[in-house]
Structure formats: C-alpha cells, structure tokens
Amino acid sequence: MSTNTELLTQLWSSLPVPAVLLDAEERIADMNPAAEGFMNNSAKWLVGQPIWDRLAVDAPIEESLARAREHGTPLFVNDVDVGTGNRPPLVCNLQLAPVQNYPGWFIMLISPRELAGRMTQSHSVKSAAKSAIGMAEMLAHEIKNPLAGITGAAQLLSMNLTKDDLELTDLIVAETRRIVKLLEQVEQFGNLSAPERKPVNLHDVLDRARRSTQLGAGAHMKFIEDYDPSLPLAYGDPDQLLQVVLNLLKNAAEAADAKEGGTIRLHTFFEHSFRMRRPDGSTQKLPLQIEVIDDGPGLPEDIKGDVFDPFVSGRENGTGLGLALVSKIISDHDGWISVDSVPGRTVFRISLPRAPREIEENR
C-alpha cells in the first residue's frame with residue numbers, strides 16, 4: 001500500500017501541467033508543484049481557499065461546473081483567459097473530471113496554450129529560419145560584390161560633381177551600405193556558432209547589458225533592477241546571452257517615446273516547477289526566469305504572434321532578424337522565450353536551465 005501511495009505521490013508531482021484538486025465546496029484540497037508555480041504560491045498556503053478567489057477565468061465556469069457536478073461528468077473549457085492576480089492572464093485549456101468515490105470532488109488540469117504553441121513555433125522558426133537563411137546566404141555572396149562596385153563607382157563620381165549632384169551619390173553610397181549591413185545581419189544569423197556553455201551568473205549578464213544600453217539606445221530610459229539574489233547559476237554562453245538581453249533592451253528603448261522616455265524593469269526569479277516538454281516526449285527543467293518589462297506602446301496586433309519569426313518587424317526600417325536571433329539563441333540553450341504584450345506593458349520572459357550541480361561544485 002505504501003508503495004502505491006508513493007507512486008501516486010510521484011505521479012502527482014511529475015505532472016507537467018498545473019493540477020488542482022477541488023473539494024465538493026470548490027475549495028483547493030491539494031495542488032501539484034506545477035500548479036504552485038502557475039499560481040505563484042505554495043500549496044500549504046492555498047489549501048482550503050476557494051478556487052475562484054485565487055483563479056480568475058474569463059468564462060461562466062462556475063455554472064458549468066455545477067452542472068458537471070450534478071451529472072458526474074467531466075468538463076472541458078478551451079481557449080479562455082486564466083489569471084492569478086499576480087501575472088498577466090494566459091490563454092489556457094481547462095479540463096475538470098470528477099474524482100471517483102469522492103462525491104462532488106474534481107481534479108482540474110490547467111494547460112496554458114502559449115507553452116505548447118511556442119514549442120511548436122520554436123521548431124517551426126528553426127525550420128523556417130534554416131530555409132530563409134540558406135537562400136539569403138546564397139544571394140548575399142552574389143549581391144555584396146556588385147554593391148561594393150556600386151559604392152566605389154559612386155565615390156569616384158562624387159569627386160567631380162557639384163554640391164547638388166553630391167546628394168545623389170551620397171544617397172547611393174548610404175543605401176548600398178544599408179543593404180550590405182542587412183546582408184551581414186543575415187550572415188550573422190546563419191553563422192551563429194553553437195553556444196559554449198558554462199556556469200553563468202545571469203545578474204552579471206543583465207548588469208553588462210544595462211550599462212551598455214544606458215550609454216546608447218537607452219540613455220532616455222529609467223532602469224529598475226528587481227533581482228532574486230539567491231538565483232543559482234545558469235548553464236549557457238555568457239556572450240550569446242548578453243546578445244539576447246542587449247537586443248531586448250534596445251527594442252524596449254526604441255519603442256519608448258524619444259523625449260518622454262520610459263521604464264524598463266529587469267526581473268529575475270526562480271520557478272522550481274517550470275518544465276518544458278520536448279517533441280520527443282522528454283521534459284527539461286527551466287527554473288531560471290528573466291523578465292524584461294517595459295511600459296511602452298506594446299507590440300502591433302498584426303505581428304504579436306509572429307515576432308520571433310525571421311523578417312517580421314514592427315518598425316519601419318527594421319530587418320526582422322533581431323528577435324528571430326534571440327529565439328534561435330535561447331532555443332540553442334535548451335531554453336524558452338515568450339512575450340506578453342498590451343499597451344503600457346510588454347514582458348519578454350526567458351526561461352533557462354540551471355548549471356548542473358557537479359559543474360557548480362567544481363568551479
């Protein structure tokens with residue numbers, strides 16, 4: 001019997017999605033570690049509290065649950081906003097099933113669609129990027145040489161032109177250099193080497209990125225550091241992770257009003273229950289969380305779901321490669337990145353694995 005109980009306990013703790021046990025009065029009777037992470041609170045604190053005081057569902061679920069309890073049938077609610085009061089709502093699927101031999105009791109599974117969607121999207125981004133970059137690299141070689149010739153010819157012509165005509169040659173030079181820069185970004189995206197992973201203090205990375213941004217694109221921004229001082233070391237390439245954070249900070253700074261400025265908050269925390277299920281069925285623990293939060297206008301609605309795809313940009317002169325590069329680097333680190341954006345609050349969240357304990361101990 002004890003063996004069965006131990007197995008059930010392990011199964012309950014191993015569920016990759018948040019699971020909450022509700023009693024006949026719709027109070028929280030138990031919850032697994034994934035649910036603790038989702039609700040950002042411990043089971044010890046939440047047990048006994050009414051579930052709908054702790055969970056906000058944008059649907060008339062209480063009436064539906066009452067009918068399901070009356071008939072002893074399961075209840076499925078798809079594509080609803082689920083919030084906890086301490087984070088933006090997530091689009092989730094809810095599955096509620098009656099518990100045998102416990103009249104009125106239900107087990108509720110909360111499946112955030114964003115996580116599954118981003119996993120599929122991550123794989124799609126890799127495939128799309130590979131095809132797009134392969135074609136672009138082939139064209140880059142053929143385009144860069146003629147561009148160099150055009151630039152040189154324009155510079156030679158400018159030596160014997162009047163001031164008015166110089167504007168035309170200057171335009172030719174400026175545009176050819178812009179195209180070359182774009183091609184170099186494409187080549188950088190395609191040629192990014194595999195990360196040289198080692199234990200990394202994420203706060204050192206964030207501080208380097210903040211200082212660099214404050215001296216450049218983010219000079220007009222206010223920065224707030226909201227760090228978890230006990231955060232363990234991550235396992236990654238510090239230079240590539242720095243590139244990721246620099247890109248996110250630059251985007252946030254450029255989205256803000258150039259005169260009024262804005263605020264960027266760097267937030268780190270540890271979420272022990274956060275796991276990512278991979279296409280092969282295995283799971284990866286990603287407990288280290290970084291959030292880059294700004295109070296800018298938010299992402300355009302028409303590209304909000306595709307910002308990590310190559311060549312998708314919300315800026316007039318954007319290349320659409322910055323966030324695709326960010327996604328690629330995080331994916332290469334076996335991590336996960338997501339975004340939640342509404343006017344006045346955009347949150348890019350990065351989830352990373354911690355350094356293996358044996359590596360930390362041998363440092």
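These notebook entries record what I looked up in the structure above.

**Entry 1: the model**

I noted that this is a predicted model, in which local features need pLDDT of at least 70 and side-chain atom pairs count only at pLDDT 80 or more, while totals for chains, interfaces and linings use all residues. Residues are numbered from 1 along each chain as its sequence is written, and side-chain values use heavy atoms, with hydrogens and water left out.

I also wrote down the terms for exposure and for chain elements. A residue is buried under 20% relative accessible area, exposed over 50%, and partly exposed in between, with a 1.4 Å probe and protein chains only. Helices (H or I, at least four residues) and strands (E, at least two) are DSSP runs, numbered from the N terminus.

**Entry 2: helix α10**

The buried residues are L323, A324, L325, V326, S327, I329, I330 and S331.

I then looked up a salt bridge, defined as a side-chain nitrogen of Lys or Arg within 4 Å of a carboxyl oxygen of Asp or Glu. D332 and K328 form one through their side chains, at 3.4 Å from N to O. The two residues are 4 apart in helix α10, and therefore about one helical turn separates them. I recalled the background: an α-helix has 3.6 residues a turn, so residues three or four places apart point the same way. D332 is partly exposed at 23% relative accessibility, and K328 is partly exposed at 21%.

**Entry 3: positive phi angles**

I kept in mind that most residues other than glycine have a negative phi. D334, which follows α10, has a positive phi of about 60° although it is not a glycine. D334 lies in the loop between α10 and β14 (336-342) and is partly exposed, with 29% relative accessibility.

I recorded D79 as well, with a positive phi near 55°. D79 belongs to strand β4 (residues 75-83) and is partly exposed at 48% relative accessibility.

**Entry 4: further salt bridges**

How many salt bridges does a search of the whole structure find? I noted 9. In one of them the side chains of E26 and R69 meet, with 3.2 Å from N to O. E26 lies in the loop between β1 (19-22) and β2 (28-31) and R69 in helix α5 (residues 61-71), so the pair ties together parts that are 43 residues apart in sequence. E26 counts as buried at 13% relative accessibility, whereas R69 counts as partly exposed at 22%.

I next examined E225 and R210, whose closest N and O atoms are 2.5 Å apart in a salt bridge. This pair links distant parts of the chain, since E225 is in strand β8 (residues 221-226) and R210 in helix α8 (residues 202-214), 15 residues apart. E225 is partly exposed, with a relative accessible area of 42%, while R210 is buried at 14% relative accessibility.

**Entry 5: the aromatic pair**

I looked up aromatic rings of Phe, Tyr and Trp (its six-membered ring), which pair if their centres lie within 6.5 Å; planes under 30 degrees apart count as stacked, over 60 as edge-to-face and the rest as tilted. A search of the whole structure finds 1 such pair. The ring centres of Y102 and W105 are 5.4 Å apart and the planes stand at 55°, so the pair is tilted. Y102 is partly exposed, with a relative accessible area of 47%, and W105 is partly exposed with 25%.

**Entry 6: surface patches**

I took a patch to be made of residues with over 30% relative accessible area and no salt bridge, joining like charges within 9 Å and nonpolar side chains (Val, Leu, Ile, Met, Phe, Trp, Tyr) within 5 Å. Areas come from the Shrake-Rupley method with a 1.4 Å probe; for residues, only the protein chains shown count as cover. Asp and Glu count as negative and Lys and Arg as positive; His and the chain ends are not counted. A charge is placed at NZ of Lys, CZ of Arg, CG of Asp or CD of Glu.

I found a surface patch of negative charge formed by D164, D165, E167 and D170. D164 is in helix α7 (residues 163-191) and is exposed at 60% relative accessibility.

I found a nonpolar patch in L7, L8 and L11, covering about 310 Å² of surface. L8 is in helix α1 (residues 2-14) and is exposed at 57% relative accessibility.
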